[in-house]
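Subject: Structure for you to look at

Hello,

Please open the structure below and keep it beside you while you read. My notes come after it.

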Amino acid sequence: MADIRYTKDHEYIRVEGDTGTVGITSYAQEQLGDVVFVELPSVGKKVDQGAEAAVVESVKAASEIYAPVAGEVVAVNDALESAPGTVNEDPAGAGWFMKIKIADASQLNGLMSEADYTSYLATLS
Amino acid sequence: MLNRQGRPSQAGDSGLHSIKTFTGNRALEQVEPLLFEIGRLEATGVDLDEPAAFTPRLGGLVRKDGIGLPGLSEPETMRHFVRLSQKNYAIDTGIFPLGSCTMKHNPRLNEAMARLPGFADIHPLQPQSTVQGALDLIAQLKDWLKELTGMPDVDMTPKAGAHGELSGMMAIKAAIIAKGEAATRTVVLVPESAHGTNPATAALIGFTVKPVPARENGLVHVDDVKALLGPDIAAIMLTNPNTCGLFEKDIVAIADAVHAAGAFFYCDGANFNAIVGKVRPGDLGVDAMHINLHKTFSTPHGGGGPGAGPVVLSDRLAAFAPLPLLEKNGNSFALCESEKTAEARGAHPYGRITAFQGQMGMFVRAFAYMLSHGADGMRQASEDAVLNANYIRAGLRDLMSQPFGDKPCMHEALFDDQWLKETGVTTLDFAKAMIDEGFHPMTMYFPLVVHGAMLIEPTESESKASLDLFVAALRDLAMAAKAGDTERFTQAPRLAPRRRLDETLAARKPVLKWVPPTPLSEAAE
């Protein structure tokens, strides 16, 4: 099973080998409301940990998506451009944003596990 | 055709939409093309002689082609703009319940006064001796604003609410610089429920913004502010009544704590209309507060006219007000335009935020509103605005959910989308269905701290009959949503000239230039 890690800004990264699939959590999509636009980075872009990597706009607000770890964008989910609502419907699956080739796997240790993230959410409500 | 949210963007083939007309017009609802599409390049509405031959002195900059403006006759031009105006929805056509926007009636008396030649036909650059009446009006308006707010001074120059915020915060920054604390006091506290302009204003002039969380009751608690106060805090920006339509009960304690920490208290006065004649911001410990003349004092806005955002200032900030300063010498008035002169009189203007003395036309309208209502009338307007909001709240509370419990509100009623869960209808769908019922939708998805927010501000302008119809229509919609009539919402607006437009794409990739259609002969190649 793939290892999933979470940020305090509600991005997830699902790690498979040296690549991680990045998206936003179900909590994040719920807070945003209906997503109407997703702006994705170009493939090949190098991002630092915590740097702005994408933009998601909902009926409510536009928010930045930050790279959970440093690396190179190796794939983006083009399907979101014509169907941004997928982020609401299936954030953990078809609503993924980008795949990042992880530069430094040790950065993953600084992120939250599933259990940590669940208890983090409990502190927010 | 569906937009990217899966909602219809074009009229369908069913019902009324299936009736076709030759022209595309639908009785009184006429199709209105662009001027470029009506006009003809080769025609002109005015006959002008060919200019006499002359030698241009523009060198290589002489225009080589025509500029491509369409020619129209005077009636064609009139009809175009009148038809466009008829497509508009305005406070003059129906209830405009946009929360936080205060779309109140613009009394026609204001308009008559603003058109008096002594106000309408003057220019900011003409000699001050010839505009004494206008300056006198500004001086009297200043006195009324000071009286209503309990504040010692007012900067009249800002031209909108956010402009006023900027001017007030620049005065605060100037005061901090004067105290020699510019290097340390760099953070501005802003509650999560604030208008977006608050953090934007603070950031624009170089402050770092730190959010203050709201409690479960929708209010800011003094302990949460105290926990954040320190030598790095320059100011707090607080809206009262806040954007949830609630009065911040801790405001005096917050002001005291902020002052004890050596910081300033900026109050966003956008919702002053709820408390005029009831509460004086000066008594709450406010250092600066902008007043939206276009909301609280009924001057037209939202496409109907420019805003005007005078800022009242406390004794701690008055000296830093921007130029020009209005002075009274005996029976005459003068504008002090020079920093040197101001300094000689002990003032330290932070500079200038606009070229002239402010929004004169709006000053006249706001002052006409004040004089025609009087102090008691303005107090009643505030009371009626609060009463009307609570009437709507009471009329809908059994069907729609309130985020902070079933408690009285100030001038606007706030609902969330808890009650729409499991119906398949969103706040946006509900707002679109209101268009089919002939209403402008309420403010939606703001304040951000409330999920699927619907913020309804009826203002004091609406009669009981108008409120009753509005409440009855919203009850009918709410019951339809709960009964599973989802189509009424997901298909809405069904009866408007346009349906769901791709608002995101329009904002992201706006089409700002008209491009002539490709001629058929070329398109075929």
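What follows is a short account of the sheet, the core and the chain contacts.

This is a predicted model, so local features need pLDDT of at least 70 and side-chain atom pairs count only at pLDDT 80 or more, while totals for chains, interfaces and linings use all residues. Residues are numbered from 1 along each chain as its sequence is written, and chains are lettered from A and ligands numbered from 1 in the order in which they are written.

Chain A first. It has an open sheet of 6 strands in the order β1-β2-β3-β9-β8-β5, with antiparallel pairing. Strands are DSSP runs of E of at least two residues, helices are runs of H or I of at least four, and both are numbered from the N terminus; two strands pair if DSSP finds at least two bridges between them. β1 (3-6) and β5 of chain A are at the edges with a single partner strand each, so one side of each has no neighbour in the sheet.

β2(B) runs parallel to β3(B) (residues 208-212), with 5 bridges, and to β4(B) (residues 233-239), with 3 bridges. Val187(B) has a bridge partner in each: Thr208(B) in β3(B) and Ile233(B) in β4(B).

The largest nonpolar core has 128 residues, and Ala235(B) and Tyr266(B) are among those that touch the most other members. A nonpolar core is a set of buried Ala, Val, Leu, Ile, Met, Phe, Trp, Tyr and Cys residues joined through C-beta atoms within 7 Å. Helix α12 (residues 360-396) of chain B gives the most to this core, 16 residues.

Finally, where do the chains meet? 10 residues of chain B are in contact with 12 of chain A, contact meaning C-beta atoms, placed from the backbone, within 7 Å.

Regards

Conventions:
Contact = placed C-beta atoms within 7 Å. Buried ≥ 20, exposed ≤ 12 C-beta atoms within 10 Å, placed from the backbone.
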